[in-house]
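Subject: Structure for your files

Hello,

Please find the structure below, with the sequence alongside. My notes on it follow.

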Amino acid sequence: MVTLLDSITNYYNDYFIERRDGRSAHLPLVGSPVLIVGIVFAYLYFVLRYGPRHMVNRKPYNVLKMIKVYNLFQMAANVTLFLRICYNVFLLYEHFSFRCQPIDYSKSRVGMDEVYFSYAYFLLKLADLADTVFFVLRKKQSHVSFLHVYHHSFMVLTTYCALVFVPGGHVLLLGLWNTLVHAIMYFYYFLTSLGAHNNSIWWKKYLTRLQLMQFLHLAFHFGRPLFDGNCNFPTFWLWYGFLQAIIVLGLFLDFYIKTYKYQDKNELAQKKA
């Protein structure tokens, strides 16, 4: 038992103290992974166990005003971060490589921008957890799907590790794609919070298609340097990004087929009737 604890302690000290990028160590919530793991476990416990039990004999909470403010904040924050990353990738960098972009670990403007972009993106993934909490408080437990919970949980853990070990470089494209998609997604959520019916928002299907395009491109983006070779970016994180993109692509594709193909069949049957 003592040997096991010593191994865990040595592993923790080696990876999260010795090998981490020290430029982000002073930022709130970034010092230790224990707090982040605790937040994720608390989130899972609330949305899967405590929350549904708490709500079983209660009426849904009226959190609509809070949701409207939350959606507007998410729209503004994601658009802002998307535009800032675009500026760096397409204008500030002399030669940003879409094939293999190494990380700038210096304290130059570009290097520190990547740290703060990664930190802002990590905070947005923490804020995304509120989506599921709102579902539970409104007694919409059917919305708390495996895809939803898996994606939100792993994005918090992934973005924390990316901030600590690989802040920027080749992973910037993930932030670029994801902030664009989330800005549009929260605009859609804002419209529904104003009373717009799902069927009246004709482009909802295309939002899901955009998400599929996102993960398809990210699988290519992380997979290309793996198979091309000679990329000065940590191989472990290339594999992680590639496999996660493939997994989430499969989950979203399954959601798309079940949601929209079934819906299209019903609409076709109604027209024939």
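Where does K139 lie? K139 sits in the loop between α4 and α5 (146-165); helices here are DSSP runs of H or I with at least four residues, strands are runs of E with at least two, and both are numbered from the N terminus. K139 has a positive phi of about 60 degrees although it is not a glycine. Its relative accessibility is 38%, so K139 counts as partly exposed. For this term and its relatives, buried means under 20% relative accessible area, exposed means over 50%, and partly exposed is in between, with a 1.4 Å probe and protein chains only.

Before the rest, some notes on the source. This is a predicted model, in which local features need pLDDT of at least 70 and side-chain atom pairs count only at pLDDT 80 or more, while totals for chains, interfaces and linings use all residues. Residues are numbered from 1 along each chain as its sequence is written, and side-chain values use heavy atoms, with hydrogens and water left out.

Backbone

L29 is another residue with a positive phi, about 75 degrees, although it is not a glycine. L29 is placed in the loop between α1 (2-18) and α2, and is partly exposed at a relative accessible area of 33%. Helix α6 itself (residues 172-193) has 22 residues and spans 31 Å from its first C-alpha to its last. That is close to the 32 Å expected at 1.5 Å a residue, where the expected span is 1.5 Å times one less than the number of residues.

Disulfide

The search of the whole structure finds 1 disulfide, defined as a pair of cysteine sulfur atoms within 2.5 Å. The disulfide joins C100 to C231, with an S to S distance of 2.0 Å. The link of C100 and C231 is right-handed, with 90 degrees about the S-S bond. The pair links distant parts of the chain, 131 residues apart: C100 is in the loop between α3 and α4, and C231 is in the loop between α7 and α8 (235-272). C100 is buried with a relative accessible area of 9%, and C231 counts as buried at 16% relative accessibility. C86 also counts as buried, at 17% relative accessibility.

Salt bridges

How many salt bridges does a search of the whole structure find? The search finds 6, a salt bridge being a side-chain nitrogen of Lys or Arg within 4 Å of a carboxyl oxygen of Asp or Glu. Side chains of opposite charge can pair when their charged atoms come close.

One of the bridges is between the side chains of D21 and R23, at 2.7 Å from N to O. D21 counts as buried at 8% relative accessibility, and R23 is buried with a relative accessible area of 7%.

R109 forms a salt bridge with D113, with the closest N and O atoms 3.7 Å apart. R109 and D113 are 4 residues apart in helix α4 (residues 109-137), so about one helical turn separates them. D113 is buried, with a relative accessible area of 13%.

R224 and D228 also form a salt bridge, and their closest N and O atoms are 3.5 Å apart. Both of these residues lie in helix α7 (residues 204-228), 4 residues apart, about one turn of the helix. An α-helix has 3.6 residues a turn, so residues three or four places apart point the same way. R224 is partly exposed with a relative accessible area of 33%, and D228 counts as partly exposed at 43% relative accessibility. Elsewhere, salt bridges that share partners join R84, R109 and D113 into one network.

Contacts

V63 lies in the loop between α2 (33-55) and α3 (64-92), and counts as buried at 9% relative accessibility. Leaving aside its neighbours within four places in sequence, V63 is in contact (heavy atoms within 4.5 Å) with F134 and R138. The C-alpha atoms of V63 and R138 are separated by 7.6 Å, although the two residues are 75 residues apart along the chain.

H151 lies in helix α5. With a relative accessible area of 12%, H151 is buried. Not counting residues up to four places away in sequence, H151 touches F215 and V248.

Regards
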